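I opened this chain to check its overall build, a few strands and some loop residues. These are my notes.

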Amino acid sequence: MTYHLRYQVLPGRDATALARYCVDHAIPEVVLFYGAEELHSGHPAGVGEDLWFEHIAQAKEVLDRYGIGTSLNPWITAGHTDRGRVQDLGFAPMVSPLGEVATTCASFACPVWREWVAGHYGRFARLGFRVLWVEDDFRYHNHEPLTWGGGFEPEMLTRFAALAGAEPTREELVAAITAGGPPHPWRALLRRTWREAQLEVLDAIRDAVAGRAVLGLMSSRLDVASIEGRDWGAVFERAEVHRPHFAPYNDVPGARLSYSLAMLELQRAIRPAGAEVAPEIENSPHTEWTKSDTQTWSEMVAARLSGADGMLLDLHPFVTGEPHRYPRIGELLDRSRPALDFTAGRDLETHGVGVPWWPDTAARVQGDGTIEGLIADPLRPADYLLPYGVPIRAGIAPVTALFGKVAWGLPDERVEELFSGGVLLDGHAALILTERGYGSLLGVRVEEVADRWTPSRLPYSMERIEDGGALLSVNLQPALARLTADPAAEVWTRVLTPRDEPWGDGRVAHVNALGGRVFTLAACAPERLARCDDGQALAQRAVRWLGGDFPMVTGGPHLMPQLARIGGRWRLAVVNGSADPARPVLSGVPEYAVTTLLAPLAEPRRADATDVELPHRGYLVTEWPA
């Protein structure tokens with residue numbers, strides 16, 4: 001297992017202490033930062049660039065003498081955020097959908113900035129690094145203080161006009177691409193404009209470093225990248241190494257591991273097989289006070305279980321001086337290594353409920369008048385299923401979950417494939433598929449989607465399970481689909497008002513004309529349903545009914561599984577996202593399976609799968625022959 005330490009050596013100091021630290025903690029590579037965060041004064045140029053170049057060259061020379069490999073992480077391409085900085089290099093600034101103008105962040109259409117970024121990478125590549133990283137500011141969204149981000153500057157609108165054969169104002173273009181109803185043709189053309197501009201810059205950077213280093217790409221969320229029109233295949237033709245974002249920057253409840261597990265899994269599907277992968281382990285602000293060692297350890301193990309080759313470690317303060325000032329970080333890395341080595345397994349095939357994603361989904365979503373309204377979050381089924389002990393995998397599978405606006409992205413040519421298997425839908429997806437003409441496959445009629453804050457004489461409140469009569473809350477759902485089941489369908493729950501009056505059908509099972517099975521929930525945000533044991537039992541029962549014959553987990557809240565086949569063996573890894581210890585109950589695992597307990601920051605030890613206490617953020621790893 002390879003640690004890649006992302007580190008900024010302060011100007012005026014040599015890298016000897018850093019090199020010794022790496023030797024002491026078996027860190028084979030340093031990814032050098034410069035001009036980052038507190039030391040960022042804008043795009044480095046002229047004397048400022050010269051000083052950083054000389055400093056980085058000296059740091060690399062020291063690391064070379066100690067046998068430590070090096071990569072380079074220029075902290076800035078287009079620019080992360082203004083934060084009061086002002087650039088005077090002649091870059092055309094980013095402009096937001098609302099017309100806000102950045103003071104440092106540059107337009108991807110600006111020729112002056114393009115020349116700078118290619119020249120900057122080309123110059124530093126001469127120093128001989130293994131990887132030159134392209135920071136995750138290489139995007140249109142998330143450039144504070146701009147609302148949403150950039151891409152609406154005059155230079156970009158000129159490029160758009162050349163494609164569209166029309167010259168709308170910024171206001172007219174924003175209104176058109178975000179309008180409700182069928183997407184305006186300008187939305188696809190703007191996505192193409194943005195995509196082509198971005199790829200041209202990536203080509204220039206790649207050509208500038210060719211023969212000296214390979215490019216590594218840092219990426220952010222898939223749903224927002226879809227709005228930008230990112231072509232992942234084209235991107236990975238240019239960048240050979242991937243840093244997927246997958247974890248929060250500060251302490252969060254263990255239940256949020258569902259986000260991390262799903263982010264890692266879905267990003268596996270967008271990059272080529274065999275690509276080098278190094279997820280980022282980061283805290284921000286960069287101090288030991290921001291994120292616990294236990295959380296950091298659990299995120300590293302999650303990354304390793306997903307097939308990561310290494311870890312990009314962003315743990316030390318950017319103004320740290322020498323790393324030995326933070327001995328606990330070195331201890332964290334040393335104590336984490338046994339679990340990370342144990343969970344090695346690069347070539348894995350994951351199994352579970354399919355969570356599909358299509359990169360062009362945002363081109364098909366019906367808008368609501370805002371850029372944010374084009375977001376279709378692919379992680380929501382995972383947030384519903386993983387904490388209930390149901391494993392997931394990327395893509396369409398024998399059992400697939402399709403929630404919300406992602407249903408707009410389902411290609412027509414994949415509909416028969418999807419609905420010939422098992423499909424789990426939420427109320428919003430059922431409405432979208434009905435509007436697209438596929439309602440006959442669902443077994444339900446969507447009468448309406450009722451918003452929680454719309455006054456109603458009959459507000460939805462709870463579900464009653466038909467088999468047993470137990471009640472579950474739907475009171476906090478932001479919206480609920482009023483479903484009417486077809487006569488041949490089976491109603492599992494019914495939605496009631498606070499006065500116990502019928503409101504609609506809640507969960508409906510249906511075998512369609514293709515022979516596929518469809519299970520529809522009235523909830524439009526199932527991941528936000530009030531969780532309980534009855535809810536878990538219903539979720540697992542639904543997945544089983546849909547055809548899910550794989551292992552699942554009970555025994556406590558937020559026991560989240562990953563099921564994978566690695567070579568000639570199966571592996572079920574269960575992490576405890578609850579702050580309380582739990583005793584997992586594994587269904588579908590053979591008695592002869594071998595089980596190992598990974599407690600945070602401890603050596604792996606053999607365990608009895610039927611009688612083991614799993615601590616907070618610990619992992620239970622069970623393996624058996626395929």
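The entries below go from the whole chain to single residues.

**Ground rules**

I am working on a predicted model, in which local features need pLDDT of at least 70, side-chain atom pairs count only at pLDDT 80 or more, and totals for chains, interfaces and linings use all residues. Residues are numbered from 1 along each chain as its sequence is written, and side-chain values use heavy atoms, with hydrogens and water left out.

**Whole chain**

I looked up the secondary structure and got 16 helices and 30 strands. Helices (H or I, at least four residues) and strands (E, at least two) are DSSP runs, numbered from the N terminus.

I then checked the radius of gyration, taken over C-alpha atoms, against the globule rule of 2.2 Å times the number of residues to the power 0.38. For 626 residues a compact globule would come out near 25 Å, and the chain has 26 Å, which agrees. The C-alpha atoms fill a box of roughly 75 × 65 × 40 Å along the principal axes.

For burial I used relative accessible area with a 1.4 Å probe and protein chains only: under 20% is buried, over 50% exposed, and in between partly exposed. By that count, 60% of the 626 residues are buried. The chain exposes about 23300 Å², of which carbon and sulfur atoms supply 51%. These areas come from the Shrake-Rupley method with a 1.4 Å probe, and for residues only the protein chains shown count as cover.

Contact means heavy atoms within 4.5 Å. Among contacts with a separation of 6 or more, 74% are between residues 24 or more positions apart.

I counted charges with Lys and Arg as positive and Asp and Glu as negative, leaving out His and the chain ends. Each charge was placed at NZ of Lys, CZ of Arg, CG of Asp or CD of Glu. There are 60 positive and 81 negative side chains, and the centres of the two sets lie 2 Å apart.

**Strand S11**

How many of the five residues of S11 are buried? Five of the five in residues 310-314 are, so the strand is largely enclosed by the rest of the structure. Gly 310, Leu 312 and Asp 314 are on one side, Met 311 and Leu 313 on the other, and both faces are covered.

I count two strands as paired if DSSP finds at least two bridges between them. S11 pairs in the parallel sense with S1 (residues 2-7) over four bridges, where Tyr 3 stands opposite Met 311. S11 also pairs in the parallel sense with S10 (residues 280-282) over three bridges, where Ile 281 stands opposite Leu 313.

**Strand S16**

In S16 (residues 422-425), Gly 422 and Leu 424 point one way, Val 423 and Leu 425 the other, and all are buried. S15 (residues 399-402) runs parallel to S16 and is joined to it by four bridges. S16 also pairs in the parallel sense with S23 (residues 517-521) over four bridges.

**Two phenylalanines in loops**

Phe 403 is in the loop between S15 and helix H13 (406-409). Its relative accessible area is 1%, which means it is buried. Leaving aside neighbours within four places in sequence, Phe 403 is in contact with residues including Arg 380, Tyr 384, Leu 424, Leu 425 and Pro 526. The C-alpha atoms of Phe 403 and Pro 378, 25 residues apart along the chain, are separated by 7.7 Å.

Phe 108 lies in the loop between S5 (101-106) and helix H3 (111-125). Phe 108 is buried too, at 0%. Not counting residues up to four places away, Phe 108 touches, among others, Met 94, Trp 113, Phe 138, Tyr 140 and Val 201.

**Backbone exceptions**

Most residues other than glycine have a negative phi, and most peptide bonds are trans. I found a cis bond between Glu 144 and Pro 145, with omega about 5°, and one between Ser 284 and Pro 285, with omega about -5°. Pro 285 is in the loop between S10 and helix H10 (293-305).

Arg 83 has a positive phi of about 45° and lies in the loop between S3 (69-74) and S4 (93-95). Asp 500 has phi near 70° and is partly exposed at 40% relative accessibility.
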